[in-house]
Amino acid sequence: MRRRSGDTRLLLLAASTLIVFAANAAGLFAGITVVLPHLLYLPIVLAAYWFPRRGIVFSFALALGYLAMTLPFAGDVGLVVSALSRAVVFVAIGAVVSSLSLRLREQEERYRGFFDNSEAGTFLVAPGEAGPRIEEVNYMGAMLLGSTTKDLIGEPVTGFLDDPGAWEAFMSEINRNNTVYEFETTLRRTDGAAVQVLVSGGRLPDRRIIVTLVDITARKNAEDALRQTNAKLNMLGRLTRNDLAAAISGLLGRIAGGMRQFDDPAVRRHLESLEEDARLVQRRAEISRDYQDLGLRPPGWQPLQKVIREVTSSLLLPGISVRPWVERLEVFADPMLDRVFSNLIENAARHGKTVSQVVITYRILDDGLSICVEDNGVGVPEAEKEKIFTYGVGIDGGLGLFLVREILAITNMTIRETGTPGNGARFVIHVPPGGYRII
């Protein structure tokens, strides 16, 4: 088809050139030398636009032909200068149009390369009286819908949407912002299969819409499978914890009965030791209940000042002032971020001894952002700075700071203790780039 189009253009160009030269020849015999030469602009422009790499050569050849035809009829120097000037203008116009056409063609080829070779399904949607229709589509888009690019041209977009109202919702976003990113919806392939996609789009100056689709069916299936697995593990953990709590309760009852039955000091010391161990297990089981949903819900953006305010309002902190200076800061974290700060504040209140204030600040770094939780208590001994984050060390021998680190790690945040012993504890949370924003 492209070759046929090229042949047609060559015929039109040849015909226009012959007609224009014939008209100029007739004009010269009739004594007309001013108006008719302007007709030569037509084949020059057509040649330079259709064949930009040969446009200058063509215009130069046409200028020479014009001179060869005109100069014999030039009766004075003025006519010769006029003919030469026109020939120069012919070549200049051919050069300018060729240059602009080449640049336009390069941009068109670049656009076509992006469009055709994109890994995302790409559609050009045009408005119409019967609704929006597909005007162009690349190979990935056709494959996504289980069809071919040829068969999809002219098809209504709404016919491939599982939810008829999805296009209206998408267009309302386009009308409001001119662009849409990550609009999630479900398509129906030509074979009836459902495909979950993320849709992005933008309005072009001519009211057409450029739409890109990314298939997320596999990802959504994996997320659903992971969610179901987590739910089952959660249920198993709940059942196990209930059985463990019942067993510990029975064990504590038997220990209490033994202490009432035996008066031997050695036996009582042994029973007291067993009771202490049983209560330690009981406390850890109770604390683990609070973290059964860890990682079950997806992370999200959370306003830190609000999180801390809500945490402190639910804690009993007699004589301790908590001052967060983190206004406008949001972090991308697990929904259990509030447990991080409740643990850190409770840790300061229980183990800081002389704590009267806890101050929370942040600082932007070259490699992210740091959030500092500082108190004015006794601090943490150097030998304990790493141990406090290990399992079994922390609040009441429970999960404590171990879970703080695990919650933060879900979104690649880290925590360490950098305070000076005797001058208060200082916990520094490092947030990676992209994990925070100032609003």
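What volume does the largest cavity have? The largest cavity has a volume of about 190 Å³. The model described here is predicted.

## The largest cavity

Rolling a probe the size of a water molecule over the atoms shows where empty space is left. In this model the count comes to 2 cavities of 30 Å³ or more.

The lining of the largest cavity is made up of 16 residues. Val157, Leu161, Trp167, Leu187 and Leu213 lie nearest its centre. Two or more lining residues come from each of the elements β1 (121-126), α7 (166-177), β3 (179-188) and β5 (209-215). By residue type, the lining of the largest cavity holds 15 nonpolar residues, 1 polar residue and no charged ones.

## The second largest cavity

The second largest cavity contains about 40 Å³ of space. Its lining consists of Asn24, Leu28, Thr33, Pro37, Tyr66, Met69 and Thr70. The elements giving two or more residues to this lining are α1 (2-30) and α3 (55-70).

Of the elements, α3 gives the most to the lining of the second largest cavity, with 3 residues. This lining divides into 4 nonpolar and 3 polar residues, with no charged ones.

## Gly352 in its loop

Gly352 sits in the loop between α11 (337-351) and β9 (357-365). Is this residue, Gly352, buried or exposed? Gly352 has a relative accessible area of 5%, and buried means under 20%, so Gly352 is buried.

Which residues does Gly352 contact, leaving aside its neighbours within four places in sequence? Gly352 is in contact with Asn347, Gly377 and Val378, once those neighbours are set aside. Gly379 is 27 residues from Gly352 along the chain, yet the C-alpha atoms of Gly352 and Gly379 are separated by 6.3 Å.

## A sheet of three strands

An open sheet of 3 strands has the order β6-β8-β13, and its pairing is antiparallel. The edge strands β6 (300-303) and β13 (436-438) each pair on one side only. On average, neighbouring strands of this sheet are turned by 25° against each other, direction ignored.

Strand β8 (residues 329-333) is joined to β13 by 3 bridges, and β8 and β13 run antiparallel. Here Leu329 stands opposite Ile438 in β13. Helix α10 (residues 304-313) packs on the sheet and touches β6 and β8. The direction of α10 makes about 65° with that of β6.

Note on methods. Residues are numbered from 1 along each chain as its sequence is written. This is a predicted model: local features need pLDDT of at least 70, side-chain atom pairs count only at pLDDT 80 or more; totals for chains, interfaces and linings use all residues. Side-chain values use heavy atoms; hydrogens and water are left out. On a 1 Å grid over the protein atoms alone, a cavity is a set of points where a 1.4 Å probe fits but cannot get out, and a pocket is an open set with protein on both sides within 12 Å along at least five of seven lines; lining residues have an atom within 4 Å of a point. Grid points are joined across faces, edges and corners, and a volume is the space filled by probe spheres set on the points. Helices (H or I, at least four residues) and strands (E, at least two) are DSSP runs, numbered from the N terminus. Ala, Val, Leu, Ile, Met, Phe, Trp, Tyr, Cys and Pro count as nonpolar, Asp, Glu, Lys and Arg as charged, and the others, Gly among them, as polar. Buried means under 20% relative accessible area, exposed over 50%, partly exposed in between (1.4 Å probe, protein chains only). Contact means heavy atoms within 4.5 Å. Two strands pair if DSSP finds at least two bridges between them. Axes are lines fitted to C-alpha atoms, for helices over the stretch in contact, and angles run from 0 to 180 degrees between N-to-C directions.
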